[in-house]
Amino acid sequence: MNQPNTELPNRVGEPLQGAQILWEALVREGVDVVFGYPGGAIMPAYDAMIQYPIHHVLTRHEQGASHMADGYARASGKVGVCVSTSGPGATNMVTGIATAMLDSVPMVCITGQVPSALIGTDAFQETDITGVTLPITKHNYLVTRAEQIADTIREAFYVARSGRPGPVVVDITKDAQQQRCTFEWSDAPIELPGYRPDYTPLDSQMDEAVRLINEAKRPVLFCGHGVSEAGATEVLTALVEKAQIPVACTLLGLGAFPASHPKNLGMMGMHGESWVNAAIQKADLLIAVGMRFDDRVTGNLKTYAPTAKKIHVELDPAEIHKNVHVDVPIVGDARDVLEQLLPRVEPREHAEWLAHIDALKGDSAVRDIKDLPDLGKLYAAHVIHDLYRLTKGEAIIVTDVGQHQMWEAQYYKHDLPRKLITSGGLGTMGFALPAAIGARFAKRDDAVWVIVGDGGFQMTACELATCVQEGIKLNIALINNGFLGMVRQWQEFFFGGRYVATPLHSPDFVKLADAHGIKGLRVTQRAEVEAAVREAEATPGTVLIDFRVEQEDSVYPMVPAGADLHDMIQRPYTPPAAPGTTDHNPIFETGEDDR
Amino acid sequence: MTEAASRTFAIFVEDKPGVLNRVASLFRRRSFNIHSLNVSTTHEPGVSRMTVVCEADGDTAKRIEANLYKLVNVLWVDDITHAPTVERALALIKVRVGRDARAEVLRVCEVFGARPVDLSLETMTVEMTGPEDHIQSLVDVLRPFEILEMVQTGAVAMTRGSVERAQSHPTIPARRTHAA
């Protein structure tokens, strides 16, 4: 941030084109890669780009550009940047912007706009993108003069990454890109009169939190996305070990507290393990850190954690009392707050409580599909569990949305933050492949695996060509069940088994890979999983593995939407059936949809 | 949690294009129901002041305040619901009044402290400034005379007395002239 590139001549004080000032500013903000798609109103900016040390990734769709910037930001912790033209270019980015907004991802989106004199005339490719994105951005700007560009970019990066991060749109008119003005740059700290993102926790609230933690008999600590954002993993671990408090994670909190830690219960909520939710319902204290009591986490609010006092450590004051009325709100950075709490929290054993939670597990283990034999079938959960073992849990995993996303959350155990990249809040199908491309540019040495369903993959499959053009290495585990699986599961459970618009006919994905000039593999038996994963790892370019998994499998356990958190649907336990009874699967055998 | 009740917020914002839209959009998307909204410039250059009256319980009022602060252009938010305030709205009410009823309508106006601002052979337009419930009372009394049209501003409100409270927010001139 704010590091002037040494290779770049210092052009402060020189007359420059607005388009040049844009890149001067981006380079000074530490940007070296942007994801975008050119078009009329952003052409001056593209023309100037070649003068700067910026790598541009040409996407196949602007939605891909915004997800790539998002994936880049999540993997690196830096601000991701995407670029598009006005009108359709800008509106195509809207889904990616909303995705970043819901998951607090720092992102700056540069959009071209029609010349300022034409604004409001319904000019060719004109869209009021600041109006469109107003509710889905942290802030946005319309820039109509070259001399506004440098300050606005500086401000945009500051707003995007400070406080609770979020996406910022900077819409720049074509004439502002073309005008010349003196380039000025300031390294002074930014002060915005109406934006004060730093909060100091109140002493009285800290005192009360310490008292509650020290008096608690049945505490549970919640680890959310804010923990990894604040870099609070270490201090959280220290606190948990000192006071022997079990930890439940949100989806975006996975990895922010090591999965292998004995105090980690795992994910809570709709597809969390039943004993995790049962522990929450019986707790006498919840210490929620960097999370926002999403409805997928709480279930029915009226019966949620009825016996627990609640401490809420959160950076965004607007989250306090939003879904759950808490006893002790602490507004502040998770790391600061935990560091202040740590010395004041007394050592505890909580042996009885921890033993009780262990007992809550009951027969969960024998119902766990991970521990069940495959009986000649290929289960998605087995594929993901095998992938976890084979990659030693060290890969960056980028998931899409649906059943595979939940199985990943259950069976790929992340020990480090920023290793699971997934659209949690918005639940954006089509996110995985482009987000993984972004992650690839952020972490060039890590193995990156995309886990994606056959539905979501086809929403942004065009970005395979981007992988090839960029010559990058991704491994794509396509969990192919011939259905929009999660919707099908809900239809099975809650809509009388009427599979309306969920059977999904797909192209031959191996041939699709082949058409892109990348390796495609097909796996239909569990015994083939390891060899395919190893081959993918050993192949230099992007590899797609088409895992033909069980078609009508469901994610267990499950809290139905709006139901009580302790009221879970368990995986039905059926003793192993006789060998040799495999299901007929016409869609895979004929390649045709005969439904 | 307290019962939902009428809440009044004084909101100081940067005087920039689109800020009204940002505030209104926030209330809409969070389902905070606005009863009235007024916006005007102030004596401080670059600073506008809004008065928003809406229905909210205690927790919601705090969330409204916190959400308003998330808007980069919002400078200061004051929930003045429970502070002693002067609150005023202005209404123009055009009533069908012939010569026979004119005197009576004028007497009604006198009672309410309203004043006639336009007169024709068949109509009288009355201006009333006061708290919104006073205006409503006047409307009720004038209704039998046949109200032809009326228009009313949202409430504007200010806390009474107290130099301290008036100065409790930093008076922030718009620091920069560009960067809309």
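Reply: What follows describes the sheet of chain B and its helices.

This is a predicted model, in which local features need pLDDT of at least 70, side-chain atom pairs count only at pLDDT 80 or more, and totals for chains, interfaces and linings use all residues. Residues are numbered from 1 along each chain as its sequence is written, while chains are lettered from A and ligands numbered from 1 in the order in which they are written.

In chain B, 4 strands make an open, antiparallel sheet in the order β2-β3-β1-β4, where strands are DSSP runs of E with at least two residues and helices runs of H or I with at least four, numbered from the N terminus, and two strands pair if DSSP finds at least two bridges between them. The edges are formed by β2 (34-41) and β4 (74-79) of chain B, each of which pairs on one side only, and from one strand to the next the twist averages 15°. Antiparallel to β2(B) runs β3 (residues 47-56) of chain B, joined to β2(B) by 7 bridges; within β3(B), Met50(B) is the bridge partner of Val39(B).

Helix α1 (residues 19-29) of chain B packs on this sheet, where α1(B) touches β1 (5-14), β2 and β3 of chain B and makes about 150° with the direction of β1(B). Contact here requires C-beta atoms, placed from the backbone, within 7 Å, and angles run from 0 to 180 degrees between N-to-C directions, with axes as lines fitted to C-alpha atoms, for helices over the stretch in contact. Helix α2 (residues 58-70) of chain B, in turn, lies across β1, β3 and β4 of chain B and runs at about 165° to β4(B).

Terms used
Two residues are in contact if their C-beta atoms, placed from the backbone, lie within 7 Å.
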